[in-house]
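Hi,

Here is the structure I promised to pass on. Have a look at it first, and then read my notes below.

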Amino acid sequence: MRFRHRAVAGLTTLLLPLATLVALTGPAEAAPEAAPAATATYAKTQDWGSGFEGKWTVKNTGTTSISSWTVAWDFPSGTKVTSAWDAAVTNSGNRWTAKNLGWNGTLAPGASVSFGFNGSGPGSPANCTLNGGSCDGGSVPGDNPPSAPGTPTASGITNTSVRLAWSAATDDKGVKNYDVLRDGAKVATVTGTSYADSGLTAGTDYSYTVQARDTADQTGPASGAVKVHTTGGTDPGPGGKVKLGYFAQWGVYGRNYHVKNIDTSASAAKITHINYAFGNVSGGKCAIGDAYADYDKAYTADQSVDGVADTWDQPLRGNFNQLRKLKAKHPNLKVLWSFGGWTWSGGFTEAMKNPAAFAKSCHDLVEDPRWADVFDGIDLDWEYPNACGLSCDTSGAAAMKNMMQAFRTEFGKDALVTAAITADASSGGKIDAADYGGAAQYADWYNVMTYDFFGAWAAKGPTAPHSPLTSYAGIPQDGFNSADAIAKLKAKGVPAAKLLLGIGFYGRGWTGVTQKEPGGTATGAAQGTYEAGIEDYKVLKNSCPSNGTVAGTAYAHCGSNWWSYDTPATVKSKMAWAKGQGLGGAFFWEFSGDTANGELVSAINDGLK
């Protein structure tokens with residue numbers, strides 16, 4: 001709980017603890033003096049998550065002095081005053097009353113006085129009265145104030161703006177306009193029943209209500225509140241560590257894995273970010289990867305996050321709309337659109353001939369009005385700048401820094417800009433090929449791909465864990481382990497807090513193996529469900545259970561097959577190591593490899609607490 005002490009005009013303020021507030025008795029609201037020519041306005045001056053600071057300002061707008069004042073308002077259930085200064089504050093249920101102290105009750109014409117309080121809960125004041133009249137200037141005899149408008153609905157939410165709409169209020173002599181209140185403070189007066197608010201802060205919670213004003217300038221009760229969470233921001237959420245998972249768009253086909261599964265597995269509540277993979281890089285620009293899966297596929301009610309089926313004429317369907325629904329259910333969850341990947345990294349070379357134009361094309365696509373509210377930023381998965389992956393790039397060591405600088409300039413400070421990068425720490429290897437240290441100043445973080453170090457592309461072996469945390473005796477290649485990769489990136493100037501440790505939710509394996517321990521020979525890739533040499537954790541945990549560990553990861557020898565993969569136990573040990581290194585968190589590839597109840601996601605979440 002947070003308290004503040006103030007002094008006004010050299011006088012010591014009165015700070016009343018909650019116990020005193022509750023103990024005070026008296027009428028819930030009194031009217032010591034009729035003062036139709038006075039106003040009371042509210043502002044939330046601070047918000048620290050578990051509580052907030054509010055301030056009321058009483059102003060004499062008339063021509064005669066006021067000798068005392070009483071402000072009363074309603075808080076919704078769950079919101080309350082915990083301490084107050086410069087006023088005596090009491091409550092009767094959800095109705096709160098503040099009376100002047102002995103020294104601040106008199107207000108000359110044009111004068112004003114403020115009092116403040118600490119509070120808890122998410123609500124905003126409603127139904128305010130000042131000395132028994134309206135807080136906007138008192139009531140008019142024979143003229144009833146307007147009714148409450150309908151609770152606003154929010155749409156078009158971006159990093160910095162939101163559009164609000166509400167149903168009209170009624171009044172016996174007509175409604176003149178509406179006051180729009182953000183967190184209890186008026187931000188606009190409009191004649192219609194909609195308003196677009198702007199200038200907001202990315203990744204921030206706001207609460208909106210609306211009050212109607214009649215032709216006599218009387219305001220009625222406030223509407224119900226709508227909560228809005230702007231997109232963007234860089235807050236990793238509870239615990240302070242990033243817990244990010246990749247969602248592969250093609251999983252909706254043969255794998256039958258949908259956005260809803262992130263929720264039903266209980267994983268959505270345990271992560272902070274999702275990378276949607278992948279957008280293409282083609283013709284020097286960012287491009288749609290799979291239009292059908294991205295925004296066209298119609299979801300039935302049983303497949304949909306909220307149990308509501310898509311209609312043929314709705315403007316957005318597919319994974320994008322499902323991600324929108326997932327974010328509505330989990331407001332702190334952020335989504336980035338990842339471009340490139342192993343298959344589509346070849347397009348970066350052409351795109352980087354004009355980094356600014358490339359960045360603009362990506363920004364225009366990510367911020368397309370049809371889905372701008374879905375995405376909080378962009379992830380760039382270039383495999384690999386100035387090195388070889390599926391294809392080779394010779395753009396030069398500065399290409400990575402140039403790209404990240406262009407994207408930060410285009411996307412601004414509030415959007416997330418991240419990159420998936422190599423973990424090849426061998427001497428003269430891929431980390432050495434590009435300026436990852438210089439680029440880091442423009443990135444929120446790097447997803448260090450600390451997996452796929454070894455696999456059955458070396459058909460005869462030697463067998464080796466594909467995601468070793470550390471080196472070990474007999475490792476086939478020096479520098480091919482997580483610890484060496486993280487150490488080299490730190491040495492190149494990348495802050496530890498901008499490095500995420502990568503976890504594979506799958507194993508890699510060989511067949512024709514007789515040796516249980518790593519280092520055995522093989523005849524080829526083990527059979528996998530979708531691809532030879534690779535299999536999901538959810539399958540391997542039962543078909544070939546782990547029977548050993550090496551370098552912080554598990555391996556299994558069953559029959560003639562040899563597999564390496566991470567288990568909940570090895571994931572937790574890796575998370576402990578990541579915390580010890582001061583890393584920013586962890587990420588994984590990808591959701592569909594986990595069990596139906598999210599065993600590996602739970603291990604990441606538990607390990608980073």
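Taken by class, the residues lining the largest pocket come out as 22 nonpolar, 11 polar and 11 charged. Before you dig in, keep in mind that this is a predicted model. The lining is made up of 44 residues, and the ones nearest the pocket centre are Trp342, Asp452, Tyr506, Arg508 and Trp589. As for volume, the largest pocket holds about 1300 Å³ of space.

Next, the aromatics. There are 42 aromatic pairs in the structure, and I picked out two of them.

Phe75 is in the loop between β6 (70-74) and β7 (80-85), while Phe117 belongs to strand β10 (residues 112-120), so the pair links distant parts of the chain, 42 residues apart. Phe75 and Phe117 are both buried.

Phe320 comes from helix α4 (residues 318-329) and Trp371 from the loop between α7 (355-366) and β24 (377-381), so parts of the chain that are 51 residues apart in sequence get tied together. Phe320 counts as buried because its relative accessibility is 0%, and Trp371 is buried with a relative accessible area of 0%. Phe320 and Trp371 are also members of one aromatic cluster, together with Phe247, Tyr257, Tyr276, Tyr295, Trp337, Phe339 and Phe375.

On to a sheet. Five strands make up an open sheet, in the order β8-β9-β6-β11-β12, with antiparallel pairing. At the edges are β8 (88-92) and β12 (133-134); each has a single partner strand, so one side of each has no neighbour in the sheet. The partner of β8 is β9 (residues 95-99), and five bridges join these two antiparallel strands.

One more glycine for you: where does Gly479 sit in the chain? Gly479 is in the loop between β26 (445-448) and α11 (482-491). Its relative accessible area is 6%, which is under the 20% cut-off, so Gly479 counts as buried. What does Gly479 touch, leaving aside residues up to four places away in sequence? The contacts are Ala423, Asp424, Ala425, Ser426 and Asp484. Take Asp424 from that list: Gly479 and Asp424 are 55 residues apart in sequence, yet their C-alpha atoms are 6.5 Å apart in space.

That's everything from my side.

Cheers

How values were computed:
Residues are numbered from 1 along each chain as its sequence is written. This is a predicted model: local features need pLDDT of at least 70, side-chain atom pairs count only at pLDDT 80 or more; totals for chains, interfaces and linings use all residues. Side-chain values use heavy atoms; hydrogens and water are left out. On a 1 Å grid over the protein atoms alone, a cavity is a set of points where a 1.4 Å probe fits but cannot get out, and a pocket is an open set with protein on both sides within 12 Å along at least five of seven lines; lining residues have an atom within 4 Å of a point. Grid points are joined across faces, edges and corners, and a volume is the space filled by probe spheres set on the points. Ala, Val, Leu, Ile, Met, Phe, Trp, Tyr, Cys and Pro count as nonpolar, Asp, Glu, Lys and Arg as charged, and the others, Gly among them, as polar. Two strands pair if DSSP finds at least two bridges between them. Helices (H or I, at least four residues) and strands (E, at least two) are DSSP runs, numbered from the N terminus. Buried means under 20% relative accessible area, exposed over 50%, partly exposed in between (1.4 Å probe, protein chains only). Contact means heavy atoms within 4.5 Å. Rings of Phe, Tyr and Trp (its six-membered ring) pair if their centres lie within 6.5 Å; planes under 30 degrees apart count as stacked, over 60 as edge-to-face and the rest as tilted.
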